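Please walk through the fold of this protein, from its strand pairings to its cores and charged pairs. Give the cut-offs behind each term along the way.

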Amino acid sequence: MGEPNPAGSGHVAVWVAVGAAPEGEPLDLDQRARRYRRARATARRVGRQLVTAYTSCPPDRQAWERDDRGRPLLVDPGGLHVSLSHAEAVVAAALSWDAPVGVDVERLRPLADRGALARTALSETERQAVDELPEPLRDAQLLRFWTRKEAVAKALGTGLATNLRGIVTTAHGAVVSLPAECGDVSAWSLTDVPVRDDVIACVTVRAPGVRVLPRTLALPADEG
């Protein structure tokens, strides 16, 4: 599944598994909750399998905890930083030996609440960048901005309590500014992860000059 990496390797491995896009009628709240729980369980299973591949520590000997925001944290084996994300039939896991890491993934979809999401999360320059695009491209660009903000927030460990509008990137992914608690912008690595046209993903590491190694996994049809 994965290739072992030495500590201080200077790169982060990002594994993404993509299943079939959901079809059919819109789900009710109970169905959406069940699908969310199933996708979360899949992400955690994938995370444990990857930790085994990179450390030779089997899942039943791994120790995981949750932080005060419910984020899974690998405690044992130590030294490996792991971040997990899931969306509609998409699961992502990032592993770094160097520093805290954050990964976020979204399935490209029409955004009925694009305006509200933009007002909540985007800086003024990011909103302008979205508005300047042709209408068919705006949802994808907003989701790119969103995944970058989520990835930074996960690496920082503050989740959605982070000042998301303070995480500012250009349309092409250059970091313009970060909230004060992030420290110097140059101390971070942020990369959009290429997956496929209908999947948008980003990984961030609290270390400079980190190279991204994208990898793919198969996701069974009944998972995610």
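In which sense do strand β9 and β10 pair, and over how many bridges? Strand β9 (residues 189-196) and β10 pair in the antiparallel sense, over six bridges. Two strands count as paired if DSSP finds at least two bridges between them. Helices (H or I, at least four residues) and strands (E, at least two) are themselves DSSP runs, numbered from the N terminus. The model is predicted, so local features need pLDDT of at least 70 and side-chain atom pairs count only at pLDDT 80 or more, while totals for chains, interfaces and linings use all residues. Residues are numbered from 1 along each chain as its sequence is written, and side-chain values use heavy atoms, with hydrogens and water left out.

Another antiparallel pair is made by strand β2 (residues 63-66) and strand β3 (residues 72-76), over four bridges. There, A63 has D76 in β3 as its bridge partner. This hairpin of β2 and β3 has five residues between the strands, and G70 takes a positive phi near 85°.

Taken as a whole, the protein has four helices and eleven strands. Its C-alpha trace spans about 50 × 45 × 30 Å along the principal axes. A compact globule of 224 residues would have a radius of gyration near 17 Å, and the protein agrees with this, having 17 Å. That radius is taken over C-alpha atoms, and the globule rule is 2.2 Å times the number of residues to the power 0.38. Of the 224 residues, 46% are buried. Buried means under 20% relative accessible area, exposed means over 50%, and partly exposed lies in between, with a 1.4 Å probe and protein chains only. Contacts (heavy atoms within 4.5 Å) can also be sorted by sequence separation: among those between residues at least 6 apart, 59% join residues at least 24 apart.

Now turn to the helices. In helix α2 (residues 114-121), the residues R114, L117, A118 and A121 are buried. Seen down the axis of α2, these buried residues fall within an arc of 100°, so they line one face of the helix. The arc is that of the directions from the helix axis to the C-beta atoms. An α-helix has 3.6 residues a turn, so residues three or four places apart point the same way. The buried residues of α2 pack against α3 (124-131) and α4 (135-156).

A nonpolar core is a set of buried Ala, Val, Leu, Ile, Met, Phe, Trp, Tyr and Cys residues joined through side-chain atoms within 4.5 Å. This core has 24 residues, of which L122, L142, V152, L178, C182 and W188 touch the most other members. The most is given by α4, with nine residues. Leaving aside residues up to four places away in sequence, L178 touches V152, G166, I167, V185 and W188. A second, separate core of 20 residues includes V18, A87, A94 and A207.

What remains is the charged pairs. Side chains of opposite charge can pair when their charged atoms come close. The structure holds ten salt bridges, each a side-chain nitrogen of Lys or Arg within 4 Å of a carboxyl oxygen of Asp or Glu.

One of them joins K154 to D104, with the closest N and O atoms 3.6 Å apart. K154 lies in helix α4 and D104 in strand β6 (residues 101-107), 50 residues apart, and the pair links distant parts of the chain. Both K154 and D104 are buried.

D198 and R107 also meet in a salt bridge, at 2.7 Å from N to O. Here the loop between β9 and β10, which holds D198, is linked to strand β6, which holds R107, across 91 residues. D198 is partly exposed, with a relative accessible area of 22%, whereas R107 is buried at 5%.

Finally, R114 and E135 meet in a salt bridge of 2.7 Å, N to O. This pair links helix α2 and helix α4, its residues being 21 apart. R114 counts as buried at 18% relative accessibility, and E135 as partly exposed at 44%. Salt bridges that share partners join R114, E135, R138 and D139 into one network.
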